[in-house]
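Here are a few notes to read alongside the model, for anyone opening it for the first time. Keep the 3D view handy as you go through the points.

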Amino acid sequence: MVLWLSLAGGAQRTQIAQEEMKQWLTYIASDALQGRQVFTEGLGLAGAYIADQLKSFGVAPGGDSGTYFQTVKVLGMRTRSNSSITVTANGATRTFKDGQGVTFPRNQGGKQTIEAAVEFVGYGLQFAPLNHDDYARRDMKGKIALYIGRGIRGMTAAHNRLINARARDAVERERALASIGPVAPAGRGRGAGPGGAAPAAGDGGNAAPPAGGAPAAPVAPAAAATNPAQRTDFQTARNVSLPVPPQITATDEFFEFLFAGSGYTYEALKALAAKQEPLPEIALRDVRITITVDAEYETVQTRLTRNVVGVVRGTDAKLRDTYVGLGAHYDHVGYQQFAPAGGGGVGAACAGQARTTPRPGDAINNGADDDGSGTVSLLAIARAFATGQKPKRSLMFVWHSGEEDGLHGSRYMADNPVLPLQQMVAMLNIDMVGRNRCDDQAQSNTVYVVGSERISTELHNVNEAANASLPRPLTLDYEYNDVADQESLYTRSDHYSYASKGVPVIFFTTGLHRDYHQVTDEVDKIEFGKMAHIAELIHATAMRVANLDHPPVRDFAGPRVGKGQTGPIL
């Protein structure tokens, strides 16, 4: 089956062919590629295959030195921290050094000093199902967010992703200068972030884990166990000299000093939080905080991987130096080293479903859906643009490496772009678009859209219009975009690296299923018709964005559509 893409003005039509997508995916998700784990031969073979296809389509190379590859450096780092927080409260001033009453993430970013007022935001949560919003009527810009506790009454362990994301949400969604929360519960470890805040995947702080939900693999753990010289505090593909908003853990001693003179003792507030009772509004008018970020980093280990990059040049002389980015990740998780854990996890999200019994002796996670489906969808879209009508703006196609290990490829590209990042008008990311959520056939026409309106309302509306223009529009579902989404998918794929830089993004996915990160994520379960249909939508959206006479307006209005909501924002 071939999907023909009708273009504006009756111009030339191009095609997205299911048969080609199946042919590509059969190789990408084959045992020959050994699960495409980062830093392995299998991933190298996959990258070379993608590059060969791009060359055959006539897509220009966009990587280093005229090649299709951008080398990504993943560094194992050791931190020596001289960071501190100085607090003035109740007429007294005290400095807390890192490790003495406060804890900074191991990856603290570049040196900086922040001096600002602090605002107590209670539990630091927004949770619509319980009508709870600690940020209602607050403007956090220019302030430091302070929160306590582990969650409101009615929240359970199923909401841990939301609870653990409070530090990140304060600085990224609410745009606070920094966040300070309580020490992580025992067992979460240093660098977990305030109140168990999710660390940057593979980065030791400041963002969410990758889509696998597992932390990035430690660098050379066996060697480090016997050789202290090889111990690393974190691994990253980011530029550690760039400042990042601090996300800090504090002990009871810190909070007791800060709340002195507020009219409330921290002991009393902590008792309320332990019972998940409502917390009082407290104006900390006489409290000032100075955060000094001063860390030195030593590179202990360097490993290399590669993004695959292709470019289709735009036709308009004035607009072709700006571009739309389209991305997917082509890595996966490699061999299954241990038997799958029972209960919980994604399996629990697909209630009552059992996984298919794996083939005897099968130990390779082939990742047909994750993210083989995005990989070949992006190939189909690149081919359609290279061989069909081209838009006014240029298009950059990037297959990111190391997403499963900590968004390494996209973080590196965002910090070291092959084209100027300020010229990127949007990033459209494709991750897991080959199945139905929990294999529910009622979702055969559904695609989940995440993040489309958070930075640019206009981009959201362009995508809605593109979908409406299709001969058979898809059902656009925004449940995973809801701030109450327990999976927190907005932070868990490569678009997030660009969104963190202020680039408007859309993340397309068909959701999780019982074979997620299992050896049973195989090609024979892919819905190729649906996958091609979604590729048609993304092609249409990219064409519209690339033909706008202006970049999509960045209004940074935040998340406004979620479960049960759809349609343009007027």
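**Notes on a sheet and a buried leucine**

1. Ala 145 has Ser 179 in E12 as its bridge partner. Bear in mind that this is a predicted model.

2. Now zoom out to the sheet around that pair. E11 and E12 belong to an open sheet of eight strands, ordered E6-E5-E15-E8-E11-E12-E14-E7, and the pairing is mixed. At the edges you'll find E6 (92–97) and E7 (102–103), each pairing on one side only. As a reminder, strands of a sheet pair through backbone hydrogen bonds, either parallel or antiparallel.

3. Next, look at the helices. H4 (residues 166–173) lies across E11, E12 and E14 (247–250), and runs at about 160 degrees to E12. Helix H6 (residues 252–259) lies across E5, E6, E7, E8, E11, E12, E14 and E15, with an angle of about 160 degrees to E6.

4. Is Leu 407 buried or exposed? Its relative accessibility is 0%, so Leu 407 counts as buried; the cut-off for buried is under 20%.

5. What is Leu 407 in contact with, leaving aside its neighbours within four places in sequence? The list is Gly 402, Thr 491, Arg 492, Ser 493, Asp 494, Tyr 496 and Ser 497. Take Asp 494: it sits 87 residues from Leu 407 along the chain, yet their C-alpha atoms are separated by 5.9 Å.

Key. Residues are numbered from 1 along each chain as its sequence is written. This is a predicted model: local features need pLDDT of at least 70, side-chain atom pairs count only at pLDDT 80 or more; totals for chains, interfaces and linings use all residues. Side-chain values use heavy atoms; hydrogens and water are left out. Two strands pair if DSSP finds at least two bridges between them. Helices (H or I, at least four residues) and strands (E, at least two) are DSSP runs, numbered from the N terminus. Contact means heavy atoms within 4.5 Å. Axes are lines fitted to C-alpha atoms, for helices over the stretch in contact, and angles run from 0 to 180 degrees between N-to-C directions. Buried means under 20% relative accessible area, exposed over 50%, partly exposed in between (1.4 Å probe, protein chains only).
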